There are 2 protein chains.
Amino acid sequence: MKIGIAQINSVIGDFPGNAKRILAAYRECLEGGAELVVTPELSLVGYPPRDLVFKSQFVPKCLQALDYLAGEIREVPLLVGYVDHHHPAHPGKPFRNAAAWLENGKVQHRIWKTLLPTYDVFDERRYFEPGDSSEPISWRGKRIGVTICEDIWTEDYLQRPLYDRDPVEELSAKGIDLLLNLSASPFHLGKPLLRRAMIGGIARKAKVPVVYCNAVGANDQLVFDGHSLVTDGNGRIAEQLAGFADECEVIDPFLAVERDVPLDSCDAEDLYKALVLGVRDYVTKCGFSSVCLGLSGGIDSALTAVIAADALGPENVRGLTMPSPYSSRGSVDDSFALAKNLGIRCDEVPIRHAFEAVKATMEPIFEGKPEDVTEENMQARLRAILLMALSNKENHLLLTTGNKSELAVGYCTIYGDMCGGLAVISDLPKTRVYEVSRWINREREIIPWNTVEKPPSAELRPDQKDQDTLPPYEILDGILELYVEHQLSADEIVSRGFDETTVRWVQRRVDLNEWKRHQAAPGLRVTSKAFGIGRRMPIVQRFVG
Amino acid sequence: MKIGIAQINSVIGDFPGNAKRILAAYRECLEGGAELVVTPELSLVGYPPRDLVFKSQFVPKCLQALDYLAGEIREVPLLVGYVDHHHPAHPGKPFRNAAAWLENGKVQHRIWKTLLPTYDVFDERRYFEPGDSSEPISWRGKRIGVTICEDIWTEDYLQRPLYDRDPVEELSAKGIDLLLNLSASPFHLGKPLLRRAMIGGIARKAKVPVVYCNAVGANDQLVFDGHSLVTDGNGRIAEQLAGFADECEVIDPFLAVERDVPLDSCDAEDLYKALVLGVRDYVTKCGFSSVCLGLSGGIDSALTAVIAADALGPENVRGLTMPSPYSSRGSVDDSFALAKNLGIRCDEVPIRHAFEAVKATMEPIFEGKPEDVTEENMQARLRAILLMALSNKENHLLLTTGNKSELAVGYCTIYGDMCGGLAVISDLPKTRVYEVSRWINREREIIPWNTVEKPPSAELRPDQKDQDTLPPYEILDGILELYVEHQLSADEIVSRGFDETTVRWVQRRVDLNEWKRHQAAPGLRVTSKAFGIGRRMPIVQRFVG
C-alpha cells in the first residue's frame, strides 16, 4: 500500500489556493505511484485559522472548497484536513477540527479530532467540539486508524495528563493495521527529535506502522517544520521528509525498513532554517516582496539581515545605518561591511540634526532638566521614524531586530527599535544570537567578526555598554530560561545557584515590561515558550513570586 | 438570613491586598448584621489572572492567603473566590476555578466552577478543570446552592447551547432554598439589563431567591461593572448594588420584596462611567498617578481628556498641543479652551522645525519623490516622540486617543497617534464618541462646542477632512458593527442595504489593518466585540468573505 505524504505549506483562509496546492501535491504523489495520499491537519484551511472560523461564511466556503476537491478525486483516496460544522442541535462548540477521506468524487468518511489542545499557543476548545468515537477505516483489506495531531500525543509528552481518552488505544482495541496522523505541529528547538521518540513509541505500543504527515511553513508566529515521518510496526524510522521545506514522498509503510535518517543538524542550523522560513512566509504571504531594517553595526541587526537576505534575496533587503552623536565610526563601517558581504544596499542617514531639532522643541517644556533616558529613547524613536518613512515611501516591510533577552527585561525602546512588522529574532536569547551568528560564519566571514566580537552596546550615550545595565548575557539568559520558560519563582532560581539580587532585578524587569511586549511586533517562535500568543500575562497585576 | 454582598475591586495577583479588601468588606457587612458574606468570583485572585496561574508559586501563595483569610473568620461564614489545584493524579487541567466557604477558622466547603467559558475574552479551559458535581450546602436549616458566574448562564443567553450540563438544574433537583452566585462578569453595553433578565429567569425557574455578587473594577482590557443583584423567588428584583463602584450591602433574600430599582442610565452614561473606572484602575493599579496626552482640538482627544480628568483629577492630566504647518489656529484654541474648562495644564509645542529636520534627513534617500502619506505619518510620529519624551521625563502614563472606527479601518498612524499605554476610547465607534461628548455637555460646555460641531480632520495635509478618505461615520459605523461585531460577510451586509463598493472597501481596510491592531495599546472593552483579547485574528491570511 503505497502512501503519498504531501507535506505542503498552506496559507490561512486561502481556500482556492490551498485546494490548488493540495491537488498539485496529490498529482505528484499519483505520479510516484501512491494509492492513498495524506495531507497535514487543516490543510485546506491553514493552521491556525483562529477567530476567522467565526466569520459567517468561513466554514461554508471551506465546505465548498472541500466539495470542489472531492470532485477532483477518483479512485486514489485523498485525506484532507478542514473545518466542519458541529451538529447545530447538539450542545458544544460550533465547529469540528476534521479530516475528510475523499474518494470517487465524494467525501467517503469524516474524522473528528478527539484531543483538542488548549494550552500554550493552542486554543482549540475555543472553536472545536471533540469527536466522540474513532472508527478504523477499512480499505483494500487493511484497517486504517486516522488521527489528527494531538490525538497521538500521549501523556508522557505532555506537561501533565490532560485527557481522559486515548484515541490510539481506542483504535487499537478495535483493530488496526496502520495508523495515519495529519498534523500541524509547530517547531521549537528540540521538537523534531521529541516527535521521533513519541511517534516511535506510538508505533511500538500499537504494533503498527505510523505515517505522520506534518505541515510546513509559517503562519503568524508559528513555524511548522515538516519533518514528516514513517515508522515500521516496531517504531523504527523508515522515512523522514525534509525539514523546513515542501516535499512529497511516496512510501509503502508495510514494506518499510529501518533506514538511517539522522537528525544531524545542530541547534544553530535548526534555528536559522526556522527563522529563514518564518521570514519568507511572513513577508510573502502578507503580499510584500521586500524588507528594510536598521543596521546598527551590532550583532542583532546583522543576524536579522543575514536571515532576511537568505529568505528574500539580497536585492530585496534594504539597510539604513543611522549614526547618532554617540555612534562610533566602527559601527557604521561594520554595517557597510555586512551589507557588502550580503550584497544588500545600505545607506547612511545621520540623525544628529533631527535629534537636535527634537531636543530644541521640548526645551521650553523641560526647563533645563538634565538629559536622561528620555534623550536615549528620542534617538531610538527618531530612527524608527526614518525607517518607517523608508517603509512607507518604498513599500518595504520593516523588520525589527531585538532579541529575546532584551525584550524580556525591556532593554529596548517601544516605538523606537521595537518598531516593525515582524520581530525576526525576538525568541532568540542573546547567547543563541551569538551561537547562530558563529554558525553562519563557520566557513567564511558573513557577519563581520568585529560585530561578533565587540562588546554589545546600544550607543545611545557616550561609551555605553549593555553590561553597564544588564548582567552578563550568560547569566541573564540562564535566569530568563528558568523564569520565563519554566515559570519558576525567584526563590527557586536562587536555589539553583544564581545571585539573589540579580534574580530579583531580572524578575522585576520582566514583570514591569509586560506592557511593552503587549505592543511588540509578532515574533517567530523557536523556543518552548516565546513571548507572544503562547504566553498571556496580564499587564495590570501585582504578583511577585 | 441576612446576607452581606461584598462588591469589591480586586487587583490581579495581589493576594495580601485582596485579602485586606475582602476582610474590610466582610467586617463592614458584619456591622450591617450579615450572617453570611459573599464576594465575587476569584475575589482573592482578581479576574482574570491568565497565565500567572502557571507560575510555580502562584497557586501555593493563593492557598496561603486563603488559609490566612480562613483564620480570620469566626461563626459568620465568608464565601471567597480563589484558584485551587486540580488533583495531581487525575487527568485534566491543573487548576480549578473555586470558591471556599470559610467558617470558624477553616475551609468548610470547596465549590468548583462547572461551566468554563472559553470564547470571546474568556480562556477558562486553558487553565481549569470543571467541577463534576454540585452539592447544596446545608446551613441554618436552609439548603444553599453555590455557583460561580457562567454556572447560571443558561443557553438562552449564550450564542449557542455550549454545555451538556446545567448546574442550577442539578442543584434544584437536589433541593435548594437559595441560590448564590459569585461572578466576575465584565461590562459591555446592554449587559446590566441582560443580566437582570437572565437572573430573574433563573430565580423563576429554580423558584428560589438569587443573590448575585459581581466584581467591580477594571483589569487590563475588562471593566467589571458591579450591579450585584438580589431577586426574590419569583425573579423580581429586590436589590441592586451600585454600578461602577465598590459597595457592600446586607439583605435578607427570604424577606426581600420587589423594589423599583431602575436601570435608568442611558448608554452614554454607562459608557462614560465604564471608561472613567477603566482609566482610574488601569493607571493607578499600574502604579502611575498621572497621565499625559496629545490634544489635537478634535473630539477624540477632548473626550479622552474629560474621562482622564474625571478619573484622576485635573491636576494629574497634562496636555500637549502640537501644531504642524497644516494645523489650524482654531485647533490650538479649542485645545486650550478644553484645558481651561477641565482645569488641566496644556502646553503648545509646534512641530514644524523638527518636521523640517526629519524631512531634510531623508531627502538624500528619497531623491525628490513627491510627498505622500509618508510625510503625514512623519508628523504623527514626531508628536509621539514628543509625548513619549514628556511621559519619560515626568513619569506620566501616555493615553492614546483613537476611536474604534479609525482603528478598524487603520485611519491612524502606528508608532504615531497609536502610541500610549492605554487606548481609552478604542472600543467607542465615532458615532458613540459624539453621543458621549454631547452627554458630557448636557448641562454646560465642557468640550468646546466648536470641537463637537466642526467636521473631523487629522490635519496632516492642507484642508484634509476625515470624509475625504472615509465614508460618513454613520455609514462606516453601521458597516463595522455588522462586520466586526456580528462577523457577517460582505454579501450579507450589502443585503442589508449598504452600498457594495463601500462595504468591500471597509472590509478590505479592516482585514489589511490587523497588523496595526496587533501592536495597539490595550483598550477598554465596552461593546460586545472589542478589538483586543476577545478577537483573535491571524495577520497573515487571505480569507475574503
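Visitor: What does the domain assignment of chain A give?

Guide: Chain A is divided into domain 1 (3-258) and domain 2 (271-466); bounds of this kind come from an automatic or database domain assignment. This is a predicted model, in which local features need pLDDT of at least 70 and side-chain atom pairs count only at pLDDT 80 or more, while totals for chains, interfaces and linings use all residues. Residues are numbered from 1 along each chain as its sequence is written, and chains are lettered from A and ligands numbered from 1 in the order in which they are written.

Visitor: How many residues of domain 1 of chain A are in contact with domain 2 of chain A?

Guide: Nine residues of domain 1 of chain A touch eight residues of domain 2 of chain A; a contact means that two C-beta atoms, placed from the backbone, lie within 7 Å. On the domain 1 side, strand S10 (216-219) and strand S11 (222-225) of chain A each supply at least two residues. The centres of the two domains, taken over C-alpha atoms, are 40 Å apart.

Visitor: Now the two chains. How many residues of chain A are in contact with chain B?

Guide: 81 residues of chain A meet 81 residues of chain B. The largest share of the chain A side, 14 residues, comes from helix H9 (373-394) of chain A. Helices are DSSP runs of H or I with at least four residues, strands are runs of E with at least two, and both are numbered from the N terminus.

Visitor: How do you know that the copies meet through the same surface?

Guide: 100% of the interface residues of chain A are also interface residues in chain B, so the surface is the same in both copies.

Visitor: And what makes the two copies related as by a two-fold rotation axis?

Guide: Chain A is superposed on chain B by a rotation of 180° with 0.0 Å of shift along its axis (RMSD 0.0 Å). The two copies are thus related as by a two-fold rotation axis. In chain A, the C-alpha nearest the axis belongs to Gln519(A), 2.1 Å from it.

Visitor: Why is Glu459(A) called buried?

Guide: A residue is buried if 20 or more other C-beta atoms lie within 10 Å of its own, exposed if 12 or fewer, and partly exposed in between, with C-beta atoms placed from the backbone. Glu459(A) has 21 such neighbours, so it counts as buried. Glu459(A) also has a positive phi of about 50° although it is not a glycine, and lies in the loop between helix H12 (449-453) and helix H13 (466-469) of chain A.

Visitor: Is Asn104(A) buried or exposed?

Guide: Asn104(A) has 11 other C-beta atoms within 10 Å, so it is exposed. Phi of Asn104(A) is near 50°, again positive in a residue other than glycine.

Visitor: Why is strand S3 (residues 78-85) of chain B called largely enclosed?

Guide: Seven of the eight residues of S3(B) are buried, so the rest of the structure largely encloses this strand.

Visitor: Which strands does S3(B) pair with?

Guide: Two strands pair if DSSP finds at least two bridges between them. Strand S2 (residues 36-38) of chain B runs parallel to S3(B) and has two bridges to it, so they pair. Strand S4 (residues 95-103) of chain B runs antiparallel to S3(B) with eight bridges, so they pair too. In S4(B), Arg96(B) is the bridge partner of Asp84(B).

Note on methods:
Least-squares fit on C-alpha atoms with pLDDT ≥ 70 in both.
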